[in-house]
Amino acid sequence: MVGKIPGITNRQTSGQPGASTTLQIRNLGTPLYVIDGVMKDEGQFNNIDINDIESISILKDASATAIYGSRASNGVIIITTKKGMSGKPQINFNANVSVSTPHRRVGVLDASEFRGIIAEKLGMNSQAYGLLGDSNTKWQDEVIGTRVSSDYNLSVGGQLKMIPYRVSATYTNQNGILKTSSMGRTTASISLTPKFFNNTLSINANVKGLYIRNQFADEAAIGGAVSFDPTQPVK
């Protein structure tokens, strides 16, 4: 939505894989989320699989408060998820692969430059020079690097005995540029949308499941990689 709908800004809480995203309408604050007609909080919005979203619309004027009350004073994001449809079953499979890489690295002294500074300032016979190692370690390369992430979605939709249905499952494997940081997420959803009494009564039943496994890295390693002695070996 950012860049396509005027007034929408996006803030990600951290660079950790799977970190939540905060949307703002005209920088007013946290908007109200309405998912399939039900008012939800921001946390439930972040758990929605993007492959299950049919459409998104924005209310950002006085009409939002008139419809949803004072909770909509910061705007409303209305999300409609995909539903089953009549006819033969349709199977869809989507696969996405992305590559994340550090934009740049902090400029630091390499091992030979570091030895030269110690020798110049303290002398080659000093205790500090004697503690230097024989390696040439690029510590930033040891803790950050290019990582590959993937996302797979399989959905089946159709109609079974006059009941439209849609079943969807998604597996996401997201790896952060800080090594050992990762997030694995499995989502599954079932949607039933039957109609009765000559289409005068519509029922929308949704069941969703979510399993997340996070591996958190020590973010302090980034600062340590900038300041650590490049003459020391990794092990």
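Student: Where in the structure does Thr65 sit, and what makes its side of the chain count as buried, partly exposed or exposed?

Tutor: In this predicted model, Thr65 belongs to helix H2, which covers residues 62-68. Its relative accessible area is 36%, and since buried means under 20% and exposed means over 50%, Thr65 is classed as partly exposed.

Student: Which residues is Thr65 in contact with, once its neighbours within four places in sequence are left aside?

Tutor: They are Ser70, Ala72 and Ser73, where contact requires heavy atoms within 4.5 Å. Thr187, by comparison, is 122 residues from Thr65 in sequence, and the two C-alpha atoms are 33 Å apart in space.

Student: Thr187 is also in the contact list of Thr170; how do you know whether Thr170 is buried or exposed?

Tutor: Thr170 lies in strand S9, and its relative accessible area is 3%; because the limit for buried is under 20%, Thr170 is buried. Besides Thr187, its contacts beyond four places in sequence include Asp49, Asn51, Asp151 and Tyr152.

Student: How many salt bridges does the structure hold, and why is the pair of Lys83 and Asp36 called one?

Tutor: There are 3 salt bridges in the structure. In the pair of Lys83 and Asp36 the closest N and O atoms are 3.0 Å apart, and because a salt bridge needs a side-chain nitrogen of Lys or Arg within 4 Å of a carboxyl oxygen of Asp or Glu, this pair qualifies. Lys83 is in the loop between strands S6 and S7, while Asp36 is in the loop between strands S3 and S4, so the bridge ties together parts that are 47 residues apart in sequence. Lys83, at 21% relative accessibility, counts as partly exposed, and Asp36, at 23%, does as well.

Student: What is the accessibility class of the two partners in the salt bridge between Asp52 and Arg166, and how do you know?

Tutor: The N to O distance of that salt bridge is 2.9 Å. Asp52 is in the loop between helix H1 and strand S5, and Arg166 is in strand S9, so the pair ties together parts 114 residues apart in sequence. With 6% relative accessibility for Asp52 and 9% for Arg166, and with buried meaning under 20%, each partner counts as buried.

Student: Why is the pair of Asp141 and Arg105 called a salt bridge?

Tutor: Their side chains meet at 2.7 Å, N to O, and because the cut-off is within 4 Å, the pair is a salt bridge. Asp141 is in helix H5 and Arg105 in the loop between S7 and helix H3, so parts 36 residues apart in sequence are tied together. At 33% for Asp141 and 38% for Arg105, both values fall between 20% and 50%, so both residues count as partly exposed.

Student: What makes S4 and S5 the edge strands of the open sheet?

Tutor: The open sheet has 4 strands in the order S4-S3-S6-S5, with mixed pairing, and S4 and S5 are its edges in that each pairs on one side only. From one strand to the next the twist averages 25 degrees.

Student: How do you know that S6 is paired with S5 and S3?

Tutor: Two strands pair when at least two bridges are found between them; S5 and S6 run antiparallel and are joined by 6 bridges, whereas S3 and S6 pair in the parallel sense over 4 bridges. Ile78 in S6 is the bridge partner of Ser57 and also of Val34, and Ser55 stands opposite Thr80 in S6.

Note on methods:
Residues are numbered from 1 along each chain as its sequence is written. This is a predicted model: local features need pLDDT of at least 70, side-chain atom pairs count only at pLDDT 80 or more; totals for chains, interfaces and linings use all residues. Side-chain values use heavy atoms; hydrogens and water are left out. Helices (H or I, at least four residues) and strands (E, at least two) are DSSP runs, numbered from the N terminus. Buried means under 20% relative accessible area, exposed over 50%, partly exposed in between (1.4 Å probe, protein chains only). Axes are lines fitted to C-alpha atoms, for helices over the stretch in contact, and angles run from 0 to 180 degrees between N-to-C directions.
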